[in-house]
Amino acid sequence: MRKKAQELILENVEIEAVAAEGKALAHVEGAVVFVQFAVPGDIVDIKVCKKKKNYMEGFILRMVKPSPHRLEPFCKHFGVCGGCKWQPLPYEMQLAAKQQQVEDQLVRIGHLQVPEIQAILPSEKTECYRNKLEFTFSNRRWLLDGEDPESIDEVHRQGLGFHVGRFFDKVVDIEECHLQSEPSNAIRNFIREYAFSHGLPFFDIRNHEGYLRNLIIRSNEKGELMLTLVFWKEDAEARCALLDALIAKFPQIKSLYYVINGKMNDSIADQECLLYYGADAIWEQMEQLRFKIGPKSFFQTNTAQACRLYSLARDFAQLSGKEVVYDLYTGTGTIAQYISASASKVIGIEYVEDAIADARINAAANGIDNCEFFAGDMKDILTDAFVERHGRPDVVILDPPRAGIHPDVARVILNAAPERMVYVSCNPASQARDLAIFCDSENKGPYSYEITAVRPVDMFPHTHHVENVVALRRVLKKNC
């Protein structure tokens with residue numbers, strides 16, 4: 001360890017393990033050090049950028065000796081883009097780290113009684129697995145090491161790509177992204193060059209001026225595309241010329257929308273998506289079911305792995321065909337429809353009204369008549385009175401956002417006392433907190449719950465994110 005001009009440099013540090021949030025971990029003189037982009041077995045010099053009482057954070061200043069496990073990143077933007085941070089880590093080690101993350105949150109931190117956790121379900125695709133990507137136009141692109149700002153003209157200071165962490169106005173200009181199949185890269189690069197050659201300015205988020213703002217590319221497994229281009233203001237002549245050029249260049253585009261978003265933020269949830277060309281949606285096939293995907297639809301971004309995730313949830317539910325099932329946080333009703341053939345009735349509840357509209361359309365398209373969908377805040381919709389009106393659930397399936405479920409929702413579920421539950425989560429930490437509520441033997445009433453099965457699912461290779469599926473069974477308290 002040495003200090004230089006108030007900088008703390010840790011020399012010849014061996015990286016020991018993968019840690020939380022995708023970072024790696026080492027120990028120096030008893031202190032924990034977290035390092036990004038490191039692989040267990042690396043020997044590195046670390047520049048410390050944050051020093052706390054019990055830990056430090058830093059980045060690799062010099063690679064002294066690379067780990068025998070280390071892989072060469074496959075993306076030219078690695079380390080700058082900020083995504084796919086685990087590219088140097090072999091996929092088997094990624095899966096092991098995610099498995100450990102689930103075990104840590106449920107057992108070591110959450111102190112839950114769980115059976116042996118089943119092996120994580122790997123993703124069949126580790127590249128080009130996403131069906132949706134969102135890109136941002138910015139007049140302030142992130143300049144790479146070695147670039148001379150004085151030699152770059154105003155046009156080429158613009159970028160189309162992903163936001164840089166901690167800098168709301170900076171965008172990494174992406175030439176080739178490995179997350180979505182072609183022609184995703186070709187479309188993005190075509191739009192950039194078209195804009196440069198036709199003088200279409202990229203958005204200035206600081207001063208709120210410019211023209212091109214956002215690009216959303218969605219695809220299905222058949223290779224059909226939906227594009228949504230977001231403009232800061234209307235210029236019909238320029239807009240039509242660009243959209244027509246896209247149609248002529250890329251026949252894979254089956255649906256082309258545009259949005260005029262003059263708000264201060266990039267969200268288009270409250271904006272009108274205007275259909276310029278083609279169908280109003282693309283459709284995705286999962287098993288025998290078809291799902292309509294519109295410009296605002298929520299749909300799992302890893303289609304193939306979502307199919308396996310829903311199958312696992314269905315298996316954990318152990319349905320016989322007689323059960324009433326509540327699918328809470330149903331989104332566009334994908335899980336609800338996946339299990340509908342194995343249930344007597346399925347009730348889906350979701351906060352987003354547009355998602356519920358899609359759920360009803362999808363159910364009708366699939367000839368499903370035993371699903372009912374309700375839109376509204378979960379804690380307001382799911383009440384004891386709601387359960388009384390629509391029937392007590394035999395099975396409850398939960399797939400909440402990262403924050404988990406509201407305590408009022410847990411209370412209503414406990415009052416309803418379903419025989420089984422399946423909890424799908426993208427955040428094992430909040431999942432563990434909620435599971436502790438259900439498994440608490442001090443709950444009111446004669447029943448508690450025990451965990452009968454746990455299996456993680458990898459939806460996002462090369463990231464630290466992990467999905468986890470837990471099955472629970474109702475048990476009679478011993479003192480009842």
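Visitor: What should I know about the model before we start?

Guide: The model is predicted: local features need pLDDT of at least 70, side-chain atom pairs count only at pLDDT 80 or more, and totals for chains, interfaces and linings use all residues. Residues are numbered from 1 along each chain as its sequence is written, and side-chain values use heavy atoms, with hydrogens and water left out.

Visitor: What makes β13 and β14 a pair?

Guide: Strands are DSSP runs of E with at least two residues, and helices are runs of H or I with at least four, numbered from the N terminus. Two strands pair if DSSP finds at least two bridges between them. Strand β13 (residues 253-260) and β14 have four bridges in the antiparallel sense, so they meet that definition. Across this pairing, Tyr-257 stands opposite Leu-275 in β14.

Visitor: Which sheet holds the strands β13 and β14?

Guide: An open sheet of seven strands, in the order β10-β9-β8-β11-β12-β13-β14, with mixed pairing. β10 (167-173) and β14 (274-278) each have a single partner strand, so one side of each is left without a neighbour in the sheet. From one strand to the next, the twist averages 30°.

Visitor: How is the direction of helix α2 described against β11?

Guide: Axes are lines fitted to C-alpha atoms, for helices over the stretch in contact, and angles run from 0 to 180 degrees between N-to-C directions. Contact means heavy atoms within 4.5 Å. Helix α2 (residues 184-198) runs at about 160° to β11 (212-219). The helix lies across β8 (132-138), β9, β10, β11 and β12 (225-231).

Visitor: Why are β19 and β22 called edge strands?

Guide: They belong to an open sheet of seven strands in the order β19-β18-β17-β20-β21-β23-β22, with mixed pairing. β19 (371-375) and β22 (447-457) each pair on one side only. The twist in this sheet averages 15° from one strand to the next. β22 is joined to strand β23 (residues 467-476) by 10 bridges, and the two run antiparallel. In β23, Val-470 stands opposite Val-454.

Visitor: Which helix packs on the sheet that contains β22 and β23?

Guide: Helix α10 (residues 428-438) does, touching β20 (395-398), β21 (420-425), β22 and β23. Its direction makes about 160° with that of β21.

Visitor: What makes a space a cavity and not a pocket?

Guide: On a 1 Å grid over the protein atoms alone, a cavity is a set of points where a 1.4 Å probe fits but cannot get out, while a pocket is an open set with protein on both sides within 12 Å along at least five of seven lines. Lining residues have an atom within 4 Å of a point. Grid points are joined across faces, edges and corners, and a volume is the space filled by probe spheres set on the points. A search of the whole structure finds two cavities of 30 Å³ or more.

Visitor: Which elements give two or more residues to the lining of the largest cavity?

Guide: β8 and β10 do. The lining includes Thr-136, Phe-137, Phe-168 and Asp-266.

Visitor: How do you know how the lining of the largest cavity divides by class?

Guide: Ala, Val, Leu, Ile, Met, Phe, Trp, Tyr, Cys and Pro count as nonpolar, Asp, Glu, Lys and Arg as charged, and the others, Gly among them, as polar. The lining divides into five nonpolar, three polar and two charged residues. In the second largest cavity, the lining has six nonpolar, one polar and one charged; Phe-37 and Trp-86 are among the residues there.

Visitor: Why is the pair of Phe-37 and Phe-78 called edge-to-face?

Guide: Rings of Phe, Tyr and Trp (its six-membered ring) pair if their centres lie within 6.5 Å; planes under 30 degrees apart count as stacked, over 60 as edge-to-face and the rest as tilted. Phe-37 and Phe-78 are 5.1 Å apart centre to centre, with 70° between the planes, so the pair falls in the edge-to-face class.

Visitor: What makes Cys-128 stand out?

Guide: Its phi is near 50°, a positive value in a residue other than glycine. Most residues other than glycine have a negative phi, and most peptide bonds are trans. A cis peptide bond joins Glu-182 and Pro-183, with omega about 15°.
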